[in-house]
Amino acid sequence: MKVGIVGLGLIGGSMAKSIKTRTAHTVYGIDLDHETMTMARMCGAIDAPLTDENLPACDLVLVAIRPGAAVAWVQAHADKIAKSAILVDLCGVKRTVVEALAPIAEAHGFAYIGGHPMAGKERGGFTAASDDLYVGASMILTPDKRTDMMLLETLKAFFLDIGFAGLTFSTPEEHDRIIAFTSQLAHITSSAYVKSPEAQKRRGFSAGSFQDMTRVARLDEDMWTELFLDDADYLTGELEVLIRHLTEYLDALKAGDADALRRLLREGREKKATAGGN
């Protein structure tokens, strides 16, 4: 199979490295950064640059750039994507992207499905990409009425081959609602938490809790601003819930109310137990 990858940052670069490490597929890749292209060629993550000439030969096209750029790229190249090809975007929000790309795919006759790999690191770029980023991860797909079982079987085999543990199916609406809590809220909370003046005086006083809370504050502000605004309705709702709960702790502390504080902490522990996760 010939795979085209648009964007060779952390997500696209890890896709390229995983494909070349674990499969016999041919990978064509493109990135705006010339140094990234050079590194990708030199380390064997791509077989050749993705061009207007070889794009029509691609069986699978993975678009791993920001939502607005992804839509613009597909709009500009839709007439060169083969009718037999499958296009998957790997953007972190789905409603705005799927709403824009699904009609383009339908008009040009190729298959399209929204996707979001549930894996990442606090650092981005090709240098952070690895061939094991997706090992054990979940790949979210948002099928619609045009998605047939053969397409899903093809994608399932492909994503399992490169290390994913399985597929999770969702609607764009459900995806954006859940991801506002599981990912976006965590990034905002981390960014706000690390702004305390005490963060600069922590030497010798920090352990795992501090590292866990601050890890994702090292983010790409341009990308996350776009993701936050594309999901602003759900994200503001989650922020309001968090602020309300934080206020409960603040009020208990100000009042010196040990019973209220103990109850809040117990509720949090019990919620964690029922929520699962690490």
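Two strands are taken to pair if DSSP finds at least two bridges between them, and the strands themselves (E, at least two residues), like the helices (H or I, at least four residues), are DSSP runs numbered from the N terminus. The model is a predicted one, in which local features need pLDDT of at least 70 and side-chain atom pairs count only at pLDDT 80 or more, while totals for chains, interfaces and linings use all residues. Residues are numbered from 1 along each chain as its sequence is written, and side-chain values use heavy atoms, with hydrogens and water left out.

**The whole chain**

Begin with everything selected: the chain holds ten helices and eight strands, and its C-alpha trace spans about 70 × 40 × 30 Å along the principal axes. Of the 278 residues, 40% count as buried, where buried means under 20% relative accessible area, exposed over 50% and partly exposed in between, with a 1.4 Å probe and protein chains only. Where contact means heavy atoms within 4.5 Å, 72% of the contacts between residues at least 6 apart in sequence join residues at least 24 apart.

**The sheet and its edges**

Now select the strands, which form an open sheet of eight in the order 3-2-1-4-5-6-7-8, with mixed pairing. Strand 3 (48-49) and strand 8 (166-169) stand at the edges with a single partner strand each, so one side of each is left without a neighbour in the sheet.

Select strands 1 and 4 next: they pair in the parallel sense over four bridges, and Gly-4 stands opposite Val-61 in strand 4. In a regular strand the side chains alternate between the two faces of the sheet. Both faces of strand 4 are covered, with Leu-60 and Leu-62 buried on one side and Val-61 and Val-63 buried on the other.

Moving to strand 5 (residues 86-89), you find four bridges joining strand 4 to strand 5 in parallel, with Leu-62 opposite Val-88. Which residues cover the two faces of strand 5? Ile-86 and Val-88 lie on one side and Leu-87 and Asp-89 on the other, and all are buried. Strand 5 in turn pairs with strand 6 in the parallel sense over four bridges, and the bridge partner of Asp-89 in strand 6 is Gly-114.

Select Pro-117, which has its place in strand 6 and counts as buried at 2% relative accessibility. Leaving aside neighbours within four places in sequence, Pro-117 is in contact with Ile-11, Met-15, Leu-90, Tyr-134, Ser-138, Met-139 and Phe-164.

From there, turn to the rings: the structure holds five aromatic pairs, where rings of Phe, Tyr and Trp (its six-membered ring) pair if their centres lie within 6.5 Å, with planes under 30 degrees apart counted as stacked, over 60 as edge-to-face and the rest as tilted. Tyr-134 and Phe-164 form a stacked pair, 4.8 Å centre to centre with 20 degrees between the planes. This pair links distant parts of the chain, 30 residues apart, since Tyr-134 is in the loop between strand 6 and strand 7 (138-142) and Phe-164 in the loop between helix 5 (149-161) and strand 8. Tyr-134 counts as buried at 0% relative accessibility, and Phe-164 at 3%. Phe-158 and Phe-159 form an edge-to-face pair, 5.1 Å centre to centre with 70 degrees between the planes, and both are buried. Selected together, Tyr-134, Phe-158, Phe-159 and Phe-164 form one aromatic cluster.
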